[in-house]
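Please take a moment with the sequence and the 3D structure. A short walk through them follows.

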Amino acid sequence: MKLSPTTRTTGRFARLATALGAGLVLVAVAGAHPAAAQDPGKDTTTQAIEPAGAVPGGFASWKDLLATQERLVRAADRITAAVAQERNGGGYAGIVVAPENHELRLYWKGRTSQAIDGLVGQLRGDVAVSVLPARHSAAELTAAMARITKRAGSAITSIAPRVDGSGLTVTGVDAGRARSAASGETVPITVEAGVRPQLATRWNDSPPWYGGGAWQSPGGGCSTGFAVTYGGSSKILSAGHCAAAGNTATDPTGEVIGSVTQDNNGLDVLLINTSAAGRVFNNPVGNVSTEYNNPVIGTTSSYVGMWLCTSGAYSGTNCSIQVQQTGVTINVGYLITGTVRAEQSAHTNAVGQGDSGGSVEVVNSANTSQVYAAGVNTAIDTSTAVTCTGYVTSGRTCAWRMYYSPWSNATSAFPGIAITLG
């Protein structure tokens with residue numbers, strides 16, 4: 001079905017942007033289940049997703065890089081599962097997935113346990129793993145983050161642990177205020193000034209609904225994320241700031257999608273009760289005249305160094321976006337925890353207003369017409385504002401630095417949630 005774009009700048013997001021000024025703006029897997037039955041008349045045309053530009057690390061193709069990334073992510077998942085069995089996480093500080101270097105880096109404070117040593121030895125049969133010293137553990141940094149956010153108020157706009165365990169990174173519009181708010185801690189603090197997250201918001205979809213499509217509620221316009229099942233019912237995942245439980249979600253033509261049944265603003269995820277299919281709208285990067293959709297084949301964890309794409313109803317598909325931080329708490333007038341900070345490598349549009357709740361996806365290296373669900377769009381940093389791409393290129397703000405709510409936020413908010421496969 002061809003999407004016909006219409007411009008919608010929503011009141012809630014406009015008010016937030018006015019209140020917060022240029023800065024961080026909200027841009028409003030468990031088990032697997034088969035996709036919902038398809039409408040016989042609904043388009044299921046698919047096509048490979050191909051990022052534009054040079055491939056990092058000297059790889060011959062993005063497909064080759066993604067294959068290496070997948071091996072590293074599988075290894076990282078085994079390590080994080082083992083860390084969960086360690087007392088208080090042991091000395092675990094963080095993991096970097098570095099496909100450009102064909103390497104996984106594990107940062108650890110003190111001596112690794114026998115169990116971790118044994119696992120690392122096993123993993124080295126398949127991927128290169130470096131175990132590197134960390135000054136602080138993730139548990140220590142998380143505790144410091146909690147103390148700072150409790151007293152900082154609006155002085156900071158985000159706070160995140162550095163993946164190597166060396167300390168925390170705090171952002172704020174005013175560097176002095178942010179530094180003062182973070183003082184008194186024994187962990188090293190790095191302050192970035194001018195960073196402010198703000199909330200941000202294809203167009204005529206039909207049941208079963210796909211991810212990456214436009215929807216609206218009394219709160220404004222957003223994008224759909226991924227089809228899921230929860231509590232035995234079919235639903236679609238989107239961003240928590242887009243609406244409240246009880247609101248009715250419609251598409252831009254006024255067709256009712258369903259009612260918002262679950263909403264968690266602290267993790268920025270919500271669920272719309274509706275018939276949904278395990279597919280996501282996409283288009284060639286930079287060209288929305290051609291549109292297709294791709295089956296979802298599972299979920300993926302998020303690690304620093306990973307490469308991914310986004311699909312929003314307003315910006316369309318953008319790729320060559322790399323994860324920079326995980327476990328980030330952002331302040332958008334209230335706190336959202338567990339987010340992921342990512343940046344478009346060429347400093348072109350990653351996401352923008354209207355893309356909230358839209359799909360964050362990782363392309364399957366074995367079949368680049370398939371995707372894994374990584375999370376849903378949450379916010380942009382308007383201090384990195386760039387020209388918008390996609391279906392609506394004026395009257396809204398876009399940026400090369402973004403924040404998204406990872407799949408782990410959805411599983412924390414809605415225990416038992418499962419991705420729907422396409």
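The paragraphs below go from the whole chain to its disulfides, a cavity and a few local details.

This is a predicted model, in which local features need pLDDT of at least 70 and side-chain atom pairs count only at pLDDT 80 or more, while totals for chains, interfaces and linings use all residues. Residues are numbered from 1 along each chain as its sequence is written, and side-chain values use heavy atoms, with hydrogens and water left out.

Start with the whole protein. It holds 6 helices and 29 strands. Both are DSSP runs numbered from the N terminus: helices are H or I with at least four residues, strands are E with at least two. The protein has 422 residues, and 56% of them count as buried. Buried means under 20% relative accessible area, exposed means over 50%, and partly exposed lies in between (1.4 Å probe, protein chains only). The accessible surface comes to about 15000 Å². Carbon and sulfur atoms own 50% of that surface. Such areas come from the Shrake-Rupley method with a 1.4 Å probe, and for residues only the protein chains shown count as cover.

Now turn to the disulfides. A disulfide is a covalent bond between the sulfur atoms of two cysteines. Here the term is applied to a pair of cysteine sulfur atoms within 2.5 Å. The count by this rule is 3 disulfides. Counting bonded cysteines along the chain, the pattern is 1-2, 3-4, 5-6.

Take the link of Cys222 and Cys242. Their S to S distance is 2.0 Å. The angle about the S-S bond is -95°, and the link is left-handed. Cys222 sits in strand S12 (residues 220-223), and Cys242 sits in the loop between strand S14 (233-238) and strand S15 (248-250), so the pair ties together parts 20 residues apart in sequence. Cys222 is buried, at a relative accessible area of 0%. Cys242 is buried too, at 0%.

Next come Cys309 and Cys319. Their sulfur atoms lie 2.1 Å apart in a disulfide. The torsion about this S-S bond is about 110°, so the disulfide is right-handed. Cys309 belongs to strand S20 and Cys319 to strand S21 (residues 316-331); the pair links distant parts of the chain, 10 residues apart. Both cysteines, Cys309 and Cys319, are buried.

Cys388 and Cys398 make another disulfide, with S to S at 2.1 Å. Its S-S torsion is about 110°, so this link of Cys388 and Cys398 is right-handed. Cys388 is in the loop between strand S26 (385-386) and strand S27 (398-399), whereas Cys398 is in S27 itself, so the pair ties together parts 10 residues apart in sequence. Cys388 is buried at 7% relative accessibility. Cys398 is buried at 0%.

Which residues line the second largest cavity? They are Pro51, Trp62, Leu66, Trp307, Leu308, Cys309, Ser320, Val362 and Val363. A cavity is a set of points, on a 1 Å grid over the protein atoms alone, where a 1.4 Å probe fits but cannot get out; lining residues have an atom within 4 Å of a point. About 50 Å³ of space lies in this second largest cavity. That volume is the space filled by probe spheres set on the points, with grid points joined across faces, edges and corners. Helix H2 (62-83), strand S20 (307-312) and strand S24 (359-363) each supply at least two lining residues. S20 gives the most, with 3 residues. The lining has 8 nonpolar residues, 1 polar and no charged. Nonpolar covers Ala, Val, Leu, Ile, Met, Phe, Trp, Tyr, Cys and Pro; charged covers Asp, Glu, Lys and Arg; the others, Gly among them, are polar.

Ser320 is buried, at 7% relative accessibility. His102 also has a positive phi, about 55°, although it is not a glycine. His102 lies in the loop between strand S3 (92-98) and strand S4 (103-108). At a relative accessible area of 44%, His102 is partly exposed.

Pro208 is in the loop between strand S9 (197-200) and strand S10 (209-211). The peptide bond from Pro207 to Pro208 is cis, with omega near -10°. Asn349 is in the loop between strand S22 (335-344) and strand S23 (351-352). Asn349 is buried, at 2% relative accessible area. Its side chain makes a polar contact with the side chain of Ser315 at 3.1 Å. The side chain of Asn349 also makes a polar contact with that of Thr389, at 2.8 Å. A polar contact is a pair of N or O atoms within 3.5 Å; within protein, one must be able to donate a hydrogen and the other to accept it, and residues adjacent in sequence count only if both atoms are side-chain atoms.

Key:
1 Å grid on protein atoms, 1.4 Å probe; cavity = no way out; pocket = protein on both sides within 12 Å on 5 of 7 lines; lining within 4 Å.
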